[in-house]
Amino acid sequence: MPEIVRDPKQRKLLTSAGFSWMFDAMDVGIISFVVADLTMKWGLTPLQAGIFNSVNLVGMAFGAAIAGIMADKFGRKAVLLWTLLIFSIASGLSAAATGFVVLCILRFIAGFGLGGELPVASTLVSESVPSKDRGRAVVLLESFWAAGWIAAALVSFFVIPKYGWQFAFLIGALPAFYALYLRKAISDSPRFTKQVAHRSLKDRFRTLWAKPHRRSTIMLWILWFTVVFSYYGMFLWLPSVMILKGFSLVKSFQYVLIMTLAQLPGYFTAAYFIEKFGRKFVLVLYLILTAFSAVWFGNAATEGMLIAAGICLSFFNLGAWGGMYAYTPELYPTSVRSTGVGLAASFGRVGGIIAPLLVGLLVSRHVTIGSIFVIFFLTIIVGAVAVLCLGKETKGQELID
């Protein structure tokens, strides 16, 4: 049994950070279901739906970069708490929005908190766990994302059709109370607290692009862009794609819930393989299988094939996400680690901003779903090739101080 599970202190850190991750995922997941409901109730055009999906990602891009930078200066714990509060409060206020523009502004603010919380939480866990369990621990942290999406799917299936999208956003405000618990439940990582001096932002940015780390930074920015582009392009549109394929709103939510359940075994298998075969093996394998699942899903003609392809898409894509979060902090020294993770995640969010807009534009121009998913296939293959050619294996190695 891994030490992360046996050791009470490490187990508490994983579950505490994990629940904040779960709430983050629940809020992002709810967006994909809300946009399907709003399209019907507010008469949103495909382009407006794409804008609504993307504005959250714009906030996440800014949040990832700024929170990553701040966490290398003020600590992982403090920034984690503030980002959790920001997205919770903005999510609750979203329920009171009466117009499209106001709702988009609130979703930008929520996205800022969401985007900031993720890289900081993964850095905190990565720095606090022994090297032999580090990769597995971060992938298990990522598995809470699946729990959040499952919660979002359940809330959306049972709540939105009956009580409306506003109630779903009110539920998204609950993590604000969880932040009060986290204040006492977690501590900053020992690696961060033992640092005597902190580098300037200019020095940190220069370090990321200096010769020892330049290759890793290029690889990570490509990897993050391709994974985030494909994920948000596919999954934020999943309920809407199901409706475009002829299913009712309730039926679409039901099928997406089934597909979402496949995320958990995707994470757990990745958590096992990442310490057995290495980071590069998991990333390349899961990305390639995600790419082929995307083509299969986009061209599935029958109900059974659609569900099977969606299950495979969830399984492999989220397993790759777990590998990516485990791999990224391991490539930088402690003094710039959170900045490096945050900027890579921020650049990736640019892909997440573009993808929903692109899908909305293509759908409005009557491009087939099959053709749209071929774009995701090609993008994911680029990410896999970048890891294969530019990545270095970090399995079993100590973090750089």
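Colleague: Which residues of helix H4 are called buried in this predicted model, and what makes them so?
Modeller: Buried requires under 20% relative accessible area. In H4 that label goes to Arg 76, Val 79, Leu 80, Leu 81, Thr 83, Leu 84, Phe 87, Ser 88, Ala 90, Ser 91, Gly 92 and Ser 94.

Colleague: How do you know that the span of H4 agrees with its 19 residues?
Modeller: At 1.5 Å a residue, residues 76–94 should span 27 Å. The end C-alpha atoms are 27 Å apart, so the two agree.

Colleague: What makes H6 largely enclosed by the rest of the structure?
Modeller: Of its 28 residues, 23 are buried, so H6 is largely enclosed. Helix H6 covers residues 131–158 and reaches 42 Å from first C-alpha to last, close to the expected 40 Å.

Colleague: Why are H12 and H17 called roughly antiparallel?
Modeller: The cut-off is over 145 degrees. The axes of H12 (residues 211–235) and H17 (residues 303–327) cross at roughly 150° and come within 11 Å. The pair is therefore roughly antiparallel. The crossing is left-handed.

Colleague: Which residues make that contact?
Modeller: Among them are Leu 220, Trp 224 and Tyr 231 of H12, and Leu 318, Trp 321 and Tyr 325 of H17. The contact residues divide into 16 nonpolar, 3 polar and no charged.

Colleague: Why is His 366 called exposed?
Modeller: Exposed means over 50%. His 366 has a relative accessible area of 70%, so it qualifies. His 366 lies in the loop between H18 (334–364) and H19 (369–390).

Colleague: What is the phi of His 366?
Modeller: Phi is near 65°, a positive value in a residue other than glycine. Most residues other than glycine have a negative phi.

Note on methods: Residues numbered from 1 in each chain as written. Predicted model: local features only at pLDDT ≥ 70, side-chain atom pairs only at ≥ 80, totals over all residues. Heavy atoms only, no water. Axes fitted to C-alpha atoms, helices over the stretch in contact; angles between N-to-C directions. Helix = DSSP H or I, 4+ residues; strand = E, 2+ residues; numbered from the N terminus. Parallel < 35°, antiparallel > 145°, perpendicular 65-115°, else oblique. Left-handed = near helix turned anticlockwise from the far one by under 90°. Contact = heavy atoms within 4.5 Å. Nonpolar A, V, L, I, M, F, W, Y, C, P; charged D, E, K, R; others polar. Expected span 1.5 Å × (residues − 1). Buried < 20%, exposed > 50% of the residue type's maximum accessible area, 1.4 Å probe, protein only.
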